[in-house]
Amino acid sequence: MTSFLKKYSIVGQTILVMSIFGMLFASLLAIFFEFSNPVILKSEAEAKQRLLLQVIGGKEYDNNLDTDFIDIPPNVYLKNKKNGKAYVARYQNKVRAVVLESRAPDGYSGDIILLVGISSDGEIIGSRVVKHQETPGLGDYIDIEKSNWILAFQGLNLSDKPSARWAVKKDRGDFDYMAGATITARGAIKAVHNALLFFKENKAQLVLTNVK
Amino acid sequence: MLSKSINDGLWKQNPGVIQLLGLCPTLAVTTTVVNGVSLGIATMLVMVASNGSIAPIRRWIPEEIRVPVFILVVAALVTIIDLSIHAFAEPLYKALGIFIPLIVTNCIVLARVESFASKNSTLPSLYDGFFMGLGLCIVLAILGAMREILGKGSLFSGFDLIFGESWKIVSIQFFDSTHGFLLALLPPGAFLGLALLIALTNYINQKK
């Protein structure tokens, strides 16, 4: 093999060896991808389902959340850059809850993305942070895996809590925060509040739409 | 051969505190023991696999283009490990995130392939990959423990997220996390912690 290769110029040799290795490992990767991809897709779908279940709590529904959603164009409340999705949970064709994806562009680092489950009468059933890049061990307390902070939103609605109270205690609001990571809490609170405002403004569209 | 590999990997040529290679993950993920150990194990797997696959084919890799070939092999192996962790250990995948693909750029992996596996036969190369990886893993665990105790007041927290609920009992809480020493969790804390470990290693080596 080596003597065979030495007949070629260094360029030819490079091309030959790199192509062989490239093809060899690319096919290895392809085989592995085929094996692991179904498992990954399944666990991702399950994780999403679990999350949706968490934010709509015990509300009973009989439709498929995966396929029943409304497209939400970019707007000032949810701060989505592309068309987003609002999942609608129905029971016997009546809307029980809506799950909105709200974005906080004003966190400490990068966007914080939250799912907010709102019942048809405008009350928060549950909320979860689905994606964030806040400082580990500091700003990540908004994540349910790290602390119960996010549960404070449960059961709140706009009529009981006026806009001014949707702030951290430091800003004369009602919400706790962790010293040294106030910006994170501010961003998340604003995003949840915005989801409620969006719901209020678009209630007609969200709740009264018919089954697709 | 085996005892030399053990001695080099765990102490004399320890990647974490002597060779000081692959510092980015060392410093970035070691906020808790479980994060440090997980990345350590992932890196160890990559090192064993890359050393073990380069050594048997080293004769067919032309000297001039060995580094691109090494990178190709390492990248493929890391992708395979990344996919398997994503498929079969999702909580671990979530905890480590971007740092698994970044193992490709970890100099310690390429360094061992270049300086050991490309010159030695398969079995010693496997040993070398394993013990170098283990040496790094231990440093990551110690650094993680230091930062976790100081910063969060806990030790071994989060094991249950990766190995299942029953592992919750290994978690120890020394004091409430709100009284933690924040600096220990921030990047400067990682540098200070590593500096202390290096100082300790040098002190022990000088004493000998």
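Chain A is divided into domain 1 (2-51) and domain 2 (56-208), with bounds that come from an automatic or database domain assignment. The C-alpha centres of domain 1 of chain A and domain 2 of chain A lie 41 Å apart. The structure is a predicted model, in which local features need pLDDT of at least 70 and side-chain atom pairs count only at pLDDT 80 or more, while totals for chains, interfaces and linings use all residues. Residues are numbered from 1 along each chain as its sequence is written, and chains are lettered from A and ligands numbered from 1 in the order in which they are written.

A look at confidence comes before the details. The model scores ipTM 0.71 and pTM 0.71. For chain A, the mean pLDDT (the predictor's confidence in each residue, from 0 to 100) is 86, and 94% of the residues reach 70 or more. Chain B has a mean pLDDT of 85, with 98% of its residues at 70 or more. Within chain A, confidence is lowest in helix H1 (residues 2-6), at a mean of 59, and highest in helix H3 (residues 182-201), at 94. Helices (H or I, at least four residues) and strands (E, at least two) are DSSP runs, numbered from the N terminus.

Next comes the contact between the chains. Chain B contributes 24 residues and chain A contributes 24 residues, where two residues are in contact if their C-beta atoms, placed from the backbone, lie within 7 Å. On the side of chain B that touches chain A, the elements giving two or more residues are helix H5 (66-88) and helix H8 (122-152) of chain B. Of these, H5(B) gives the most, with twelve residues. By type, this side of chain B divides into 15 nonpolar, five polar and four charged residues; Ala, Val, Leu, Ile, Met, Phe, Trp, Tyr, Cys and Pro count as nonpolar, Asp, Glu, Lys and Arg as charged, and the others, Gly among them, as polar.

The interior can be described through its nonpolar cores, each a set of buried Ala, Val, Leu, Ile, Met, Phe, Trp, Tyr and Cys residues joined through C-beta atoms within 7 Å. A residue is buried if 20 or more other C-beta atoms lie within 10 Å of its own, exposed if 12 or fewer, and partly exposed in between, with C-beta atoms placed from the backbone. The largest nonpolar core has 52 residues, and those with the most contacts inside it are Ala42(B), Val46(B), Val74(B), Leu77(B), Leu96(B) and Leu140(B). Two or more residues of this core come from each of helix H2 (10-55) of chain A and, in chain B, helix H4 (33-57), H5, helix H6 (90-96), helix H7 (107-117), H8 and helix H10 (187-207). H4(B) gives the most to this core, with 13 residues. Leaving aside residues up to four places away in sequence, Leu96(B) touches Val29(B), Ser38(B), Leu39(B) and Ala42(B). A second, separate core of 45 residues includes Val88(A), Val95(A), Ile118(A) and Ala191(A).

H8(B) has 31 residues and reaches 43 Å from its first C-alpha to its last, close to the 45 Å expected at 1.5 Å a residue, the expected span being 1.5 Å times one less than the number of residues. H8(B) is mostly covered, with 22 of its 31 residues buried. Just after H8(B), Gly153(B) takes a positive phi of about 75 degrees.

Most residues other than glycine have a negative phi. Phi of Gln92(A), however, is near 45 degrees, and this residue is placed in the loop between strand E2 (84-91) and strand E3 (94-104) of chain A. Gln92(A) counts as exposed because it has 9 C-beta neighbours inside 10 Å. Phi of Arg172(A) is likewise positive, near 65 degrees, in the loop between strand E5 (124-131) and H3 of chain A. Arg172(A) has 9 C-beta neighbours inside 10 Å and so counts as exposed.

Ala199(B) is in helix H10 of chain B and counts as exposed because it has 11 C-beta neighbours inside 10 Å. Ala199(B) and Val17(B) are 182 residues apart in sequence and 8.9 Å apart in space, C-alpha to C-alpha. Thr14(A) lies in helix H2 of chain A, and its C-alpha atom is separated by 47 Å from that of Tyr108(A), 94 residues apart along the chain.
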